Amino acid sequence: MDNVIVVGAGPTGLWLACELRLAGVEVTLIERTSGPRPNTRGVGTHARTLEVLAMRGLADVPLAKGRKVPRWHFGMLPSLADYSTLDSPYQFVVAYPQNALEELLDARAVELGATILRGTTVTGLTQNPEGVRVRLADGTELTASWVVGADGAGSTVRKAAGIAFPGTDTTYYGYVADVTLTGPPPPPAIASQVGALITAPLPSGGFRVSGFDPHDQHPEQEMTLARVSASANRAAGRDLGITDPIWISQFGNATRRAAEYRSGRVFVAGDAAHMHPPTGGVGLNVGLQDAHNLGWKLAAVATGRAPESLLDTYHDERAPVGDAVLANTRAQSALVNGFTPEMQALRAHLSGLIDRHPAVAADLAFSVSGLDVAYPSPDPAAHPLTGRRFGDAAAFPLFVDGRPVLVRYPSAPPVDGAYDSESTLEDLAYAVIRPDGYIGWATTDPDPAAALAAFKAFPADHR
């Protein structure tokens with residue numbers, strides 16, 4: 001059985017380690033920090049990520065301890081996208097700190113048997129057809145059959161593998177801070193000719209404040225509480241009483257996507273594969289879903305249940321998602337930084353559309369939530385629903401061990417071991433659901449023998 005080294009123990013790397021360990025693959029995580037991260041970083045967990053967590057039995061803690069937000073901004077427009085209409089049991093965004101999610105996933109990875117090396121930095125790697133040799137800062141070398149870089153936008157793994165990272169450089173900077181507001185909080189999203197601001201409640205009782213200030217573009221200077229307060233108060237038009245900072249940072253709008261998500265035996269995922277400004281709070285979610293896509297495929301190949309060609313579908317399926325996220329965050333960034341009279345008029349026009357047409361508010365939520373992601377099959381003979389998300393929440397517990405599930409729809413004869421769905425879906429008779437919750441095979445043919453054969457042939461079956 002092959003072994004895997006994952007570089008980076010953020011949500012992406014930790015989730016990938018958990019997925020690989022479910023199939024019994026040996027995993028070593030290498031993380032440069034020596035302990036838990038003190039700052040929250042990402043704070044928004046969207047509907048599709050909650051579904052992914054639920055399929056592995058890990059959604060209860062974020063749902064219980066996070067704050068549910070049924071309406072979320074798009075480009076800091078005053079009119080909000082409506083998540084209460086989503087076709088999901090999770091019709092909201094959950095405000096739950098990234099570091100808390102990391103602690104949850106860290107404990108799960110260790111429980112499953114992953115090895116985590118902390119306080120260790122990767123300096124480079126070399127690969128050949130048989131494996132990969134990873135060099136550490138202390139001179140140690142480790143070998144693995146496969147390596148995954150989940151080590152952020154400056155990824156050492158990506159650079160060492162020779163994977164290009166084309167895109168656009170930073171042209172403006174924003175700020176983010178977790179603070180207390182002693183004054184009345186402003187509306188969730190504000191943007192005018194003097195600045196943009198969004199506030200989101202945190203489970204701790206404080207607020208995440210983030211914004212852009214055209215009057216303060218000095219990335220070479222430390223982002224301080226005084227600078228955050230001045231920018232936020234200017235955008236809000238009043239003193240918000242910002243105190244007690246837990247975390248303050250600044251970020252740019254550089255936007256890039258890895259030219260390839262795979263180079264031989266090396267992969268990239270999360271911020272190592274795509275970087276963009278945090279507008280919309282999607283970064284954590286997209287990275288974790290990268291790992292969810294790669295995990296079952298790499299496990300199937302590493303354990304000899306699938307040909308190596310399956311791994312090429314990781315780039316084929318996730319790179320378009322990365323492109324869509326970059327396009328989405330670029331559009332939001334343009335709205336956020338629309339400080340000219342013309343852009344202010346455009347913002348007002350779009351807000352009016354959202355207010356007058358509930359379908360627009362619902363569609364924005366659908367796209368940002370990740371529920372719109374699909375992986376259409378390149379096989380023209382495949383059923384059109386192949387690659388679509390499977391959203392039957394009653395079946396989520398069946399995916400807890402990372403195995404595929406055979407689903408029988410009401411029009412078809414019973415099959416031992418199949419999940420009997422009460423819904424009808426395009427007259428389907430049977431479907432095989434991939435371990436990541438997408439339809440891997442579907443048919444209108446009510447022949448149970450054909451369904452069982454398709455299920456048993458599925459490459460991720462590790463019973």
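**Figure 1. Valine 6 faces valine 148 of strand β12 in a sheet of six strands.** Valine 6 stands opposite valine 148 in β12. The model shown is predicted: local features need pLDDT of at least 70 and side-chain atom pairs count only at pLDDT 80 or more, while totals for chains, interfaces and linings use all residues. Residues are numbered from 1 along each chain as its sequence is written, and side-chain values use heavy atoms, with hydrogens and water left out. Strand β1 (residues 3-7) pairs with strand β12 (residues 146-149) in the parallel sense over four bridges. Strands (E, at least two residues) and helices (H or I, at least four residues) are DSSP runs, numbered from the N terminus, and two strands pair if DSSP finds at least two bridges between them. The sheet is open, with mixed pairing and the order β8-β2-β1-β12-β21-β20. Its edge strands, β8 (115-118) and β20 (262-263), each pair on one side only. Helix α7 (residues 283-302) lies across β1, β12 and β21 (266-268), at about 170° to β12. Axes are lines fitted to C-alpha atoms, for helices over the stretch in contact, and angles run from 0 to 180 degrees between N-to-C directions.

Figure 2. Leucine 142 is partly exposed, at 23% relative accessibility; buried means under 20% relative accessible area, exposed over 50%, and partly exposed in between (1.4 Å probe, protein chains only). Leaving aside residues up to four places away in sequence, leucine 142 touches Ile5, Ile30, Leu117, Val132, Arg133, Val134 and Leu136. Contact here means heavy atoms within 4.5 Å. Isoleucine 5 is 137 residues apart from leucine 142 along the chain, yet their C-alpha atoms are separated by 8.7 Å.

Figure 3. Residues buried in α4 include Leu101, Leu104, Leu105, Ala109 and Leu112. The buried residues of this helix pack against α1 (11-22), α2 (47-55), α3 (60-65), β8 and α7. Just after α4, glycine 113 takes a positive phi of about 105°. A salt bridge is a side-chain nitrogen of Lys or Arg within 4 Å of a carboxyl oxygen of Asp or Glu. Because arginine 118 lies in strand β8 and aspartate 106 in helix α4, the pair ties together parts 12 residues apart in sequence. Arginine 118 is partly exposed, at 30%, and aspartate 106 is buried, at 18%. Arginine 108 is buried, at 18% relative accessibility, whereas glutamate 111 is exposed, at 60%.

**Figure 4. Helix α6 (residues 225-236) and the strands that pack against it.** The end C-alpha atoms of α6 are 16 Å apart, in agreement with the 16 Å that its 12 residues should span at 1.5 Å a residue. Among its buried residues are Val228, Ser231, Ala232 and Ala235. The buried residues pack against β14 (173-181), β15 (189-192), β16 (195-201), β17 (207-212) and β18 (242-252). Arginine 227 meets aspartate 216 in a salt bridge (2.8 Å, N to O). Arginine 227 belongs to α6, and aspartate 216 to the loop between β17 and α6, 11 residues apart. Both are buried. Glycine 237, which follows α6, has a positive phi near 80°.

**Figure 5. Packing of helix α8 (residues 312-336) against helix α9 (residues 341-356).** The two helices pack at an angle of about 115°, with their axes 9 Å apart. Ala334, Leu335 and Val336 of α8 make the contact with Met343, Leu346, Arg347 and Leu350 of α9. These residues divide into six nonpolar, no polar and one charged. Ala, Val, Leu, Ile, Met, Phe, Trp, Tyr, Cys and Pro count as nonpolar, Asp, Glu, Lys and Arg as charged, and the others, Gly among them, as polar.

Technical notes
The expected span of a helix is 1.5 Å times one less than its number of residues.
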